[in-house]
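Please read the following points beside the sequence and the model. They are meant for someone who is looking at this entry for the first time.

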Amino acid sequence: MAKLPRVIVKWAQTLDGRAAAADGSSQWITGPAARADVHRRRADAAAILVGTGTLLADDPSLTARTPEGELLVPAAEQPVPVVVGSRAIPSGARVLAHPALGERFPEPIRLSGNDLAADLASLGTLGIESVFVEGGPHIVSSLLRAGLVDELLVYIAPALLGGPRLAVGDLGIASMTGIHRLEFTHTEQLGPDLLIIASSAQKEIR
Ligand SMILES: NC(=O)c1ccc[n+]([C@@H]2O[C@H](COP(=O)([O-])OP(=O)(O)OC[C@H]3O[C@@H](n4cnc5c(N)ncnc54)[C@H](OP(=O)(O)O)[C@@H]3O)[C@@H](O)[C@H]2O)c1
């Protein structure tokens with residue numbers, strides 16, 4: 001199997017661990033400083049990945065941009081968009097106009113999600129060495145459950161939403177003996193929000 005890319009998972013959550021409101025809206029949980037930080041970190045990744053749930057709910061551009069909407073890095077250096085899942089990308093989706101698409105990648109890379117380790121390996125064979133995962137909670141939970149995550153970037157807003165839309169779902173952990181421990185490697189205040197970076201000591205498939 002090809003070398004797996006480094007997997008960086010990012011999410012924004014409220015203080016009570018919610019990634020969206022009950023109606024599915026999630027823009028914007030965090031403020032401008034946190035969002036600018038996300039864009040800078042996107043620019044460092046070779047690929048940017050979302051599930052079809054997020055693609056259909058949010059219609060994200062998946063580009064690294066300045067707060068004014070300009071590209072943060074040239075088109076050729078933008079992370080290549082990757083969409084996981086079986087549902088079709090709507091014809092007007094913003095991601096279809098992604099600046100990284102061209103001769104090498106005419107369309108967003110599609111992955112089935114049936115075997116995430118194999119999916120990531122297929123990105124590895126394309127020469128993609130790092131993947132910035134932008135959600136949503138189902139894909140993030142599946143990656144965590146499979147032990148495929150290297151680093152978590154969790155942006156925390158001082159806000160509460162309550163309700164059912166948790167940032168992370170079932171990880172298949174029934175008891176404390178199965179707890180997935182991490183190490184905090186960085187904490188930072190970004191305007192009113194916090195960024196916590198945690199590294200996973202449990203990347204199992206390698
Ligand atoms: N706060 C944040 O940082 C943040 C970030 C992103 C999204 N969101 C919010 O989260 C919501 C969407 O997230 P979501 O969790 O519903 O969708 P998601 O994780 O983006 O996508 C889930 C879909 O991916 C496909 N899939 C394929 N393989 C999978 C696998 N192994 N594991 C999980 N899913 C797989 C399935 O769709 P198919 O049927 O097409 O195969 C599944 O329904 C929206 O409300 C959005 O606004 C919040």
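1. Helix 2 (52-58) contributes 5 residues to the shell around the ligand, the most of any element, where helices (H or I, at least four residues) and strands (E, at least two) are DSSP runs numbered from the N terminus. Strand 1 (6-14), strand 2 (47-51) and helix 4 (137-145) likewise supply at least two residues each.

2. This is a predicted model, in which local features need pLDDT of at least 70 and side-chain atom pairs count only at pLDDT 80 or more, while totals for chains, interfaces and linings use all residues. Residues are numbered from 1 along each chain as its sequence is written.

3. Among the 27 residues around the ligand, G51, G53, G113, G135 and G136 come nearest; a residue is near if its C-beta atom, placed from the backbone, lies within 6 Å of the molecule.

4. In helix 4, P137, I139, V140, L143 and L144 are buried, that is, 20 or more other C-beta atoms lie within 10 Å of their own. They lie on the same side of helix 4 because they cover an arc of only 165 degrees around the axis, taken from the directions from the helix axis to the C-beta atoms. Just after helix 4, G147 has a positive phi of about 70 degrees.

5. The open sheet has 8 strands in the order 4-3-2-5-1-6-8-7, with mixed pairing, two strands being paired if DSSP finds at least two bridges between them. At its edges are strand 4 (109-111) and strand 7 (182-190), each of which pairs on one side only.

How values were computed:
A residue is buried if 20 or more other C-beta atoms lie within 10 Å of its own, exposed if 12 or fewer, and partly exposed in between; C-beta atoms are placed from the backbone.
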